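The following exercises are intended for a reader who meets this structure for the first time.

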Amino acid sequence: MTPNIVSVEGLSIDYVVGAGRFRAVSDVSLEVPEGQVVGIVGETGCGKSTLAQAIPRLLPEPPATIGAGRILFGDIDLVKVPMWKMPMIRGTGISMIFQEPLNSLNPSFRIYDQLAEAIQIRRIRESGRVARPTHEQAGYDYTRAPMPETGEVLSKPFVPGGYTAKAARKAMTPYPALRGEVLEYLTLVRINDPETILDLYPHELSGGMRQRVMIAMALSEKPRLLIADEPTSALDVTIQAQVLTLMKELIDEVHTSILFISHDLGVIAETADQVGVMYAGKLVEFGPVADIFQNPRHPYTKALLRAAPTLYKSEGPLDTIAGSVPNLSRPPPGCRFHPRCPLARPVCKAEPAPALLQVEGAAGGHRSACHFATEVPNLP
Amino acid sequence: MAFEEAPQTSGDRAKGYLRSAGHSTRMFLRVMRANPLTFIGFIMVVAICAVAVIMLTAPHLLTPYGNNDPTTDYAAPPSWQHPMGTDSGGLDIYAEVLYAVPVDLFIAMAIAGVALLFGGALGLIAGFWDEPGTAGGWASVIILRITDIFLSFPSLILALAIAVSLGRGIWQLIVAILVTWWPYYVRLVRGEVLAIKHLPYVTAARAAGVANTRIVSRHIVRNVLEPVVVYFTLDIGTVLVTLSTIGFVGLGLNYPITPEWGSMISTYQGAGLITAYPWTVLGPGLAIFVTVLAFSLLGDGLRDILDPRSRRVLAGEGGGPSTSVAEKQEEAQDTAAEISPPEVAEGSEGGPAPVPSAAGGGSGS
């Protein structure tokens, strides 16, 4: 059993807007094991991004408040860490890639400066000059995949040394001393002609290139956990495919755990080891990716898979799920999916949905929050 | 590519700095050529500053007369010897206007500069640390309410009242105007910070582990700078006008002893002098006009220069090589994608499950 990088336990997040208060994420528990890619999939407005941003505590609090639960990063409960200490964990501990590559780079700085800043942050932390509330970092798992040449930087284990004057001086080296390392990361994300890119401003790059730069920035900090919040959603289909291919290759090269958020089932199917399906702020199904996609055990997952466009279906209209995601300030009683569920029975309305439980007859670790999980395979 | 960077000598570093300095000079000149009005403003501002420096160090290069040094011509109209004429006391107006350049420029820049630094710093704090309930939130509330109190007075009247109570003198004048001047910078900077601090790149910087103080000092200040510097440049002109107004009502500097344009006009406009010797007010009036115009012209174009997006376009670099680099790369990657489409990669060995294609899932959310 590999240790968990992050385990979220019973996390609930409320938004207080005006007089109203609604629960965007309710009672979600999930683990990201070391070296694995965990995907979260769900419709728009089901709390995926809120969950992703809550883990490194990037949600603006207020209006968001963490109502209950723990976010364990190693042995630290991030919910209890005071806000001013969080920057020490972000970056080298938990890094993030965002949806909007257009605005996620500072428009006033050249690409070099932005990447160099990320590398400097890591170097300063490696040099031991600043206090870090994180536990001792373990080395990277070398057994998972063979090392390619470009990933040489990333294979170096991140073990913080003691303070030395030399290390501190090196960490603070200004322009252009970090140039080699910056170029190496730009090469890692397959940017052609990185020498030219260095001196350009973000607005001079295309969307795909900007997202590559963002990925390079996140990776250059060698994070223990990388949260990718719909990294391909804002890109057009061709660039989306390129970035996705890149991420898939990098997952093999970079030994970091990834929490991959997407509304796109195809993206999740190609990248993740384990998938969690979210609906209306709740995690309804969690398990190994192959089992979830071949043998879904929650009616919502089944309906989602049927609604996805595929190459195999050539006739007839696309399937849809009737109705829409409920208003989270007034969620339906009982199971939140019952108004749209083909399996719904009186008990679904009367009683809340069961906790995530291992489904009988499914693969190990395949858990579902449905009273009738065993009947789902019989659905059309 | 080597991981260890080559050892750097201080010579290398100096060379690098020199190269980048040369590059930015060329860029600056190109932008200036593309924007002639700004260029005129820039030349005028440089000339005015040069005059100020000359008048402080070697005034005889520009005028043969000393400050407050009467000639033997009384109330003479403009001539080659006295380009702006003389007043009834025999003072050469041209010489007095020149002696006033460093005084006026210093007062205007000191007021606008201190207001920018002080008000700007308060604005940054009030804008960035504004979560209610925290210490920063309280600080922000206090700063803003104090700002409101100062803004609720008519600023010119307040400045006049303070000028009266403090008496005459350069420092008294600076303090009097400054008291009414800083709140505008608090408001301006706070507004800009509020607009910027929730932009995705600030969140991205936070996600990268950048500490709050560094986010403010690096990411926010750099992006607030653009409108603020423009406002500052235009503001120097406004301060000059206010300064002259206070001088005009007779509360400014003691004219014949300390030359200052507003006080000059004030001295000469009284007792029917303005109709008898109109050139006495034309000289200082022209000086105020030219200086304000210079800073306004410069300020207008400064925005384009500070913004990297428009700077490259103005410099004629943006449309050319850089975009073509982006396009070239896009093309190269397009062809790469065609050769090995990611959709048919080995990732889907799962089998008959309805695994949708990666690219086909749609990009709208």
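**Exercise 1. The two chains**

Of the 380 residues in chain A, 50% count as buried. The model is a predicted one.

Task: State how many helices and strands chain A has, and describe chain B in the corresponding terms.

Solution. Step 1: Chain A contains twelve helices and twelve strands. Step 2: Chain B contains 13 helices and zero strands, and its pattern along the sequence is accordingly written α-α-α-α-α-α-α-α-α-α-α-α-α. Step 3: In chain B, buried residues make up 37% of the 365 residues. Step 4: Turning to contacts, residues 24 or more positions apart account for 69% of those in chain A with a separation of 6 or more. For chain B, 62% of the contacts between residues at least 6 apart in sequence join residues at least 24 apart.

**Exercise 2. A pair of helices in chain B**

Task: Describe how helix H3 and helix H6 of chain B pack, and state which kinds of residue form their contact.

Solution. Step 1: Helix H3 of chain B spans residues 93–128 and helix H6 of chain B spans residues 170–196; they pack at an angle of about 35 degrees, with their axes 6 Å apart. Step 2: The crossing of H3(B) and H6(B) is right-handed. Step 3: The contact of H3(B) with H6(B) is made by 26 nonpolar residues, four polar residues and one charged residue. Step 4: Ile177(B), whose number lies within the range of H6(B), is in contact with Ile111(B), Ala159(B), Val239(B), Thr242(B) and Leu243(B), neighbours within four places in sequence being left aside.

**Exercise 3. The largest nonpolar core**

Task: Identify the residues with the most contacts inside the largest nonpolar core, and name the element that gives the most to this core.

Solution. Step 1: The largest nonpolar core has 185 residues, and those with the most contacts inside it are Leu115(A), Ala216(A), Leu259(A), Ile111(B) and Ile177(B). Step 2: H3(B) gives the most to this core, with 20 residues. Step 3: From chain A, the core draws at least three residues from each of domain 1 (111–226) and domain 2 (280–380). Step 4: As a general background, nonpolar side chains in soluble globular proteins tend to be buried together.

**Exercise 4. A glycine in a loop**

Task: Determine whether Gly91(A) is buried or exposed, and list the residues that Gly91(A) touches.

Solution. Step 1: Gly91(A) lies in the loop between strand E5 (76–77) and strand E6 (94–97) of chain A. Step 2: The cut-off for a buried residue is 20 or more other C-beta atoms within 10 Å. Step 3: Gly91(A) counts as buried because it has 27 C-beta neighbours inside 10 Å. Step 4: Not counting residues up to four places away in sequence, Gly91(A) touches Ile121(A), Glu221(A), Pro223(A), Ala208(B) and Gly209(B). Step 5: Gly91(A) and Ile121(A) are 30 residues apart in sequence, and their C-alpha atoms are 8.0 Å apart.

**Exercise 5. Positive phi in chain A**

Task: Locate Glu230(A) and Ala280(A), and give the phi of Glu230(A) and of Ala280(A).

Solution. Step 1: Most residues other than glycine have a negative phi. Step 2: Glu230(A), in the loop between strand E7 (225–229) and helix H8 (237–253) of chain A, has a positive phi of about 45 degrees. Step 3: Ala280(A), in the loop between strand E9 (274–279) and strand E10 (282–288) of chain A, has a positive phi of about 50 degrees. Step 4: Glu230(A) is buried because 21 other C-beta atoms lie within 10 Å, and Ala280(A) counts as buried with 24 C-beta neighbours inside 10 Å.

Methods: Residues numbered from 1 in each chain as written. Chains lettered and ligands numbered in written order. Predicted model: local features only at pLDDT ≥ 70, side-chain atom pairs only at ≥ 80, totals over all residues. Axes fitted to C-alpha atoms, helices over the stretch in contact; angles between N-to-C directions. Helix = DSSP H or I, 4+ residues; strand = E, 2+ residues; numbered from the N terminus. Left-handed = near helix turned anticlockwise from the far one by under 90°. Nonpolar A, V, L, I, M, F, W, Y, C, P; charged D, E, K, R; others polar. Buried ≥ 20, exposed ≤ 12 C-beta atoms within 10 Å, placed from the backbone. Contact = placed C-beta atoms within 7 Å. Core = buried A, V, L, I, M, F, W, Y, C linked by C-beta atoms within 7 Å. Domains from an automatic or database assignment.
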